[in-house]
Amino acid sequence: MDTAVRDRVNSVLEKACQERGLTLVKTCFRANGDMGPTLEVYIDHDYQITRAEIEAYTEKVNPLLDSIEGRGEESYRLDISSGGSLREIPFEDLEKFIGHYLDIKLKKDGSVKTRKLDSLKDGKANFIYFLKGAKKKRSLGEEDMDSIHRGYKA
């Protein structure tokens, strides 16, 4: 898929997201996917997208994508799913994640830590974690974190 067609595809996907109050997290075209050429589309809705929202979005964009000029007859698989852990969380949205695990990439050394967000206070995010069975606490400001993503505790 050439650059001009990809731009038109992304424009259609973005417009459909805006019409539905969704966020287009990422798109990726894989020419050599496991099941052939695949257009991967990741969307979200306030970090809590539902299956019904994904299905409605898919029904909306599928015929729009098929009608894009210049796409030719090249077939591809359309894979639309949640942005999930791909979506970076801005510091100002952290209050939505109190009680949840987050993956925090630290600016200091680039390491990624999975921590449970306990609270927000005075511009700091307060995390809890366990080290050798002992409960630990750590406060980090926005200036301490390079990126924040959803995390999962195994």
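This report walks through the strands, helices and cysteines of one predicted model.

Residues are counted from 1 along each chain as its sequence is written. Since this is a predicted model, local features need pLDDT of at least 70 and side-chain atom pairs count only at pLDDT 80 or more, while totals for chains, interfaces and linings use all residues; side-chain values use heavy atoms, with hydrogens and water left out.

**The three-stranded sheet**

Let's start with an open sheet of three strands in the order β1-β2-β3, with mixed pairing. β1 (23-30) and β3 (77-82) are at the edges with a single partner strand each, so one side of each has no neighbour in the sheet. On average, neighbouring strands here are turned by 15° against each other, ignoring direction. β2 (residues 38-44) pairs with β3 in the parallel sense over six bridges, and T38 sits opposite R77 in β3.

A quick word on terms: strands (E, at least two residues) and helices (H or I, at least four) are DSSP runs numbered from the N terminus. Two strands pair if DSSP finds at least two bridges between them.

**Two helices across it**

Helix α1 (residues 3-20) lies across β1 and β2, at about 150° to β1. Helix α2 (residues 51-66) lies across β1, β2 and β3, running at about 150° to β3. Angles go from 0 to 180 degrees between N-to-C directions, using axes fitted to C-alpha atoms, for helices over the stretch in contact; contact means heavy atoms within 4.5 Å.

D103 has T114 in β5 as its bridge partner. β5 is also joined by five bridges to β6 (residues 124-131), again antiparallel, and K116 stands opposite I128 in β6. Here are the turns:

| Hairpin | Residues between strands | Turn residue with positive phi |
|---|---|---|
| β4 and β5 | five residues | G110, about 75° |
| β5 and β6 | two residues | D122, about 50° |

**The cysteines**

How many disulfides does a search of the whole structure find? Zero, counting as a disulfide any pair of cysteine sulfur atoms within 2.5 Å. For C17, the nearest cysteine sulfur is that of C28, 16 Å away. Are C17 and C28 buried or exposed? C17 counts as buried because its relative accessibility is 0%, and C28 counts as buried at 17%. Buried means under 20% relative accessible area, exposed means over 50%, and partly exposed is in between (1.4 Å probe, protein chains only).
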